[in-house]
Amino acid sequence: KGPGAWWRRVLQPQSLQASPTLDPWLVDELVRRYSVPRKAAHQLIYDRQIIFCFDGLDELKPGEADGHEASHEEAVQLRAECVETINNTLDDRSVQMIVCCRDQTFRELPVKPRLGCPLQVQPLTEEDGKRYLADWANLDGLREVIAESAFLREKADRKSTRLNSSH
């Protein structure tokens with residue numbers, strides 16, 4: 001496969017319409033949002049040359065376009081329909097996909113994406129941060145400043161994360 005075989009693009013399913021799979025919507029998104037020629041977009045999608053990365057499942061809400069405030073139940077239903085479409089797409093075992101959402105939203109999904117074991121992003125502990133910084137040479141000044149400043153320790157804690165298997 002050519003250089004496009006590992007091309008990754010983040011697509012947010014904000015405008016996903018009901019469809020048996022994501023494929024036609026993904027082609028349209030590549031054409032509309034990224035100015036990819038339709039033939040090339042079709043080839044990228046149907047030849048499975050893209051790892052799909054979907055962020056914002058927890059942000060899907062019906063009625064955003066018309067100003068309608070969605071109920072919690074309506075939002076859960078829309079997310080369930082989106083997961084159903086994701087799972088239909090995953091029936092093709094050559095599809096590679098990442099789906100991101102908040103932990104609470106994931107727990108509320110009546111049907112889970114069939115993606116294997118979910119991962120949960122969690123903040124690093126202070127000890128994790130110290131071990132990480134200890135592995136880097138030439139960072140003695142940074143380590144000293146962080147050790148002396150509660151403000152910088154707090155900022156470093158907020159920006160550092162680790163992955164855990166969950167659910």
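Author: Buried means under 20% relative accessible area, exposed over 50%, and partly exposed in between, with a 1.4 Å probe and protein chains only. Helices (H or I, at least four residues) and strands (E, at least two) are DSSP runs, numbered from the N terminus. This is a predicted model: local features need pLDDT of at least 70, side-chain atom pairs count only at pLDDT 80 or more, and totals for chains, interfaces and linings use all residues. Residues are numbered from 1 along each chain as its sequence is written, and side-chain values use heavy atoms, with hydrogens and water left out.

Reader: How many of the six residues of β2 are buried?

Author: Strand β2 spans residues 50-55. The rest of the structure largely encloses β2, because the buried residues in this strand number five.

Reader: Which residue in β3 stands opposite Asp55?

Author: Strands pair if DSSP finds at least two bridges between them. Here β2 and β3 (residues 96-100) run parallel, joined by five bridges. Opposite Asp55 stands Cys100.

Reader: Which residues form the aromatic cluster?

Author: Rings of Phe, Tyr and Trp (its six-membered ring) pair if their centres lie within 6.5 Å; planes under 30 degrees apart count as stacked, over 60 as edge-to-face and the rest as tilted. The whole structure holds two aromatic pairs. One cluster is formed by Trp25, Phe52 and Phe54.

Reader: At what distance from the ring centre of Phe106 does Lys112 lie?

Author: A charge sits over a ring if NZ of Lys or CZ of Arg is within 6 Å of the ring centre and within 35 degrees of the ring normal. Lys112 lies over the face of Phe106, and its distance from the ring centre is 5.3 Å.

Reader: How far apart are the closest N and O atoms of Asp28 and Arg38?

Author: A salt bridge is a side-chain nitrogen of Lys or Arg within 4 Å of a carboxyl oxygen of Asp or Glu. The count is nine. Asp28 sits in helix α1 and Arg38 in helix α2, so their pair ties together parts that are ten residues apart in sequence. Their closest N and O atoms are separated by 2.9 Å.

Reader: Is Glu29 buried or exposed?

Author: Glu29 forms a salt bridge with Arg32 (2.8 Å, N to O), and also with Arg33 (2.5 Å, N to O). Arg32 is exposed at 54%, and Arg33 is partly exposed at 44%. With a relative accessibility of 2%, Glu29 is buried.

Reader: What is the phi of Ser35?

Author: Most residues other than glycine have a negative phi. Ser35 lies in the loop between α1 (23-34) and α2 (38-46). This residue is exposed, because its relative accessibility is 63%. Its phi is positive, near 55°.

Reader: What is the relative accessible area of Arg48?

Author: Arg48 lies in the loop between α2 and β2. Its phi is positive, near 55°. Arg48 is buried, at a relative accessible area of 13%.

Reader: What distance separates the C-alpha atoms of Glu59 and Arg102?

Author: Glu59 lies in the loop between β2 and α3 (72-90). Glu59 and Arg102 are 43 residues apart along the chain, and their C-alpha atoms are separated by 9.2 Å.
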